[in-house]
Amino acid sequence: MNSVPVSDNQVAEIIKVLNGGITFYQDSKRKVSSEHLQAMFNRMIEEKELAVIALRKYMTVTQQADTVQYTDWTIGIRKLYTELMESVKSANDCLYVKQLEQVENKVLDVIDTALDDNQPQTFACELRRIRTRMQQCHDEIRSLHKVSA
């Protein structure tokens, strides 16, 4: 295992946001009607799962166990908002896409915050690699949101 190159809280925060995104995408995937969206959501889930796996190696074993089920509370609130809107009016796929774009924004923000700090080279390289993949996810969901709006 690598030594912990960065504040444990910082790595845990990124993982929490990624886990929150995974959960939101999984729930949304079950509720959208489009098979195309379901396939897209599967890709987003896979990218986030790969990022979590890559980041966990920078944590101690105890910290890894602690972050498995944690999710970011702001993503939980966004998920609750989506569920509320779903119950108030008939939800459409666009509602999920719009909220998931905000999740992607949060993912990029938390990674950018970590990159703003002086990180060891190997960890910074890993964060930049992950950020590139998350930017692609963001761009894909954003362009879908623009088309469906």
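This short talk covers the nonpolar core and the salt bridges of the structure shown above.

Good morning. The model is predicted: local features need pLDDT of at least 70, side-chain atom pairs count only at pLDDT 80 or more, and totals for chains, interfaces and linings use all residues. Residues are numbered from 1 along each chain as its sequence is written, and side-chain values use heavy atoms, with hydrogens and water left out.

Let me begin with the core. By a nonpolar core I mean a set of buried Ala, Val, Leu, Ile, Met, Phe, Trp, Tyr and Cys residues joined through side-chain atoms within 4.5 Å. Buried stands for under 20% relative accessible area, exposed for over 50%, and partly exposed for values in between, with a 1.4 Å probe and protein chains only. The largest nonpolar core has 37 residues, and the members that touch the most others are I14, L18, F41, L55, I111, M134 and I141. At least two residues of this core come from each of helix 1 (8–31), helix 2 (35–56), helix 5 (93–116) and helix 6 (121–148). Helices here are DSSP runs of H or I with at least four residues, numbered from the N terminus. In soluble globular proteins, nonpolar side chains tend to be buried together.

Which residues does I111 contact, leaving aside its neighbours within four places in sequence? They are I14, L127, I130, R131 and M134, where contact means heavy atoms within 4.5 Å.

I turn now to charged pairs. A salt bridge is a side-chain nitrogen of Lys or Arg within 4 Å of a carboxyl oxygen of Asp or Glu. The structure holds seven of these salt bridges, and I shall describe some of them.

In one of them, R43 pairs with E140, with the closest N and O atoms 2.2 Å apart. R43 is partly exposed at 38% relative accessibility, and E140 is partly exposed at 28%.

Another salt bridge joins R30 to D27, with 2.4 Å between the closest N and O atoms. These two residues are three apart in helix 1, and about one helical turn separates them. R30 is exposed at 61%, whereas D27 is buried at 14%.

In helix 6, R129 and E126 are likewise three residues apart, about one turn of the helix. Their closest N and O atoms are 2.5 Å apart in a salt bridge. R129 is partly exposed at 43%, while E126 is buried at 12%.

Thank you for your attention.
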